[in-house]
Amino acid sequence: HVEPRPVHSGEPHPQRQRPGKGPLALRVRLAGVDGAGFDVTEAGSQKHLAVYVVRDPREVPGVARLGPDPLSADFTPEAFRALLEGERRQIKGVLRDQSVLAGIGNAYSDEILHAARMSPFKLAAKLSEEEVERLYAVIGATLQEAVERSRGLALKDLKAEKKSGLRVHGRKGEPCPVCGDTIREVSFSDSALQYCPTCQTGGKPLADRRLSRLLK
Ligand SMILES: [Zn+2]
């Protein structure tokens, strides 16, 4: 079992690859099944991938720690409000924390915050009742739509399909599909978020922390 991290799996390439070259982390071939198997790759400079072989997924610490599935029936607006209560972190970090909610990563947290017209830096505990409700509705709608779009697709087509459905994530410099403003980015040491200033931050660009630290 693979820990929920920014990793992508795909069908195995036919050629041998040198270890340490490229994003390939693990290649699995199933014995006795002709050509069956898969590759596990990890992009980015920080490597976090962990692979477990277990009889029950709950034996994996990262799975045992997972928060609720936002598409499950018991994830109610009240349950969501309870998760945010006393939460001092920014909403972007909370949404992509797998121990708070399972299954939302960097891409869909950008999409959700854009659809909810909310700044990624807003403090979770400071959200108003109305904002919590809006965010709850958008989480459900965004994930539901993503599930519908990926239904029936081959593994190799999933990534392209996901990318084509994203409105702000990975689209720095492109026009916002809602208002036409230019999509901006805040970059961190090992990731970046994208947002629309007009839709999400009252037209004001957010400070790029990495850059402002360098300029000090
Ligand atoms: Zn916009």
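Good morning. The model is a predicted one, in which local features need pLDDT of at least 70, side-chain atom pairs count only at pLDDT 80 or more, and totals for chains, interfaces and linings use all residues. Residues are numbered from 1 along each chain as its sequence is written, and side-chain values use heavy atoms, with hydrogens and water left out.

I begin with the fold. The chain contains 8 helices and 5 strands; these are DSSP runs, numbered from the N terminus, with helices being H or I of at least four residues and strands E of at least two. Along the sequence, their order is β-β-β-α-α-α-α-α-α-β-β-α-α. Of the 216 residues in the chain, 32% are buried, where buried means under 20% relative accessible area, exposed over 50%, and partly exposed in between, with a 1.4 Å probe and protein chains only.

I turn now to the zinc ion. Its protein donors are the SG atoms of Cys176, Cys179, Cys196 and Cys199, at 2.2 to 2.3 Å; donors are N, O and S atoms within 2.8 Å of the metal, or 3.2 Å for Na, K and Ca, and water is not among the atoms, so sites may look incomplete. The site is tetrahedral, with angles of 97 to 115° among the 4 donor atoms; for four donors, that term requires all angles to lie between 85 and 135 degrees. Cys179 counts as partly exposed because its relative accessibility is 36%, whereas Cys199, at 7%, counts as buried.

Next, the core. A nonpolar core is a set of buried Ala, Val, Leu, Ile, Met, Phe, Trp, Tyr and Cys residues joined through side-chain atoms within 4.5 Å. The largest one has 24 residues, and among those touching the most other members are Phe80 and Leu84. Helix α5 gives the most to this core, with 6 residues. Leaving out residues up to four places away in sequence, Leu84 touches Ile91, Val94, Ala124, Ala125, Leu127 and Val132, contact meaning heavy atoms within 4.5 Å.

Beyond its neighbours within four places in sequence, Ser109 is in contact with Lys92, Leu95, Arg96 and Ile104. Thank you.

Terms used. Tetrahedral: all angles 85-135°; square planar, octahedral: opposite > 155°, others 65-115°.
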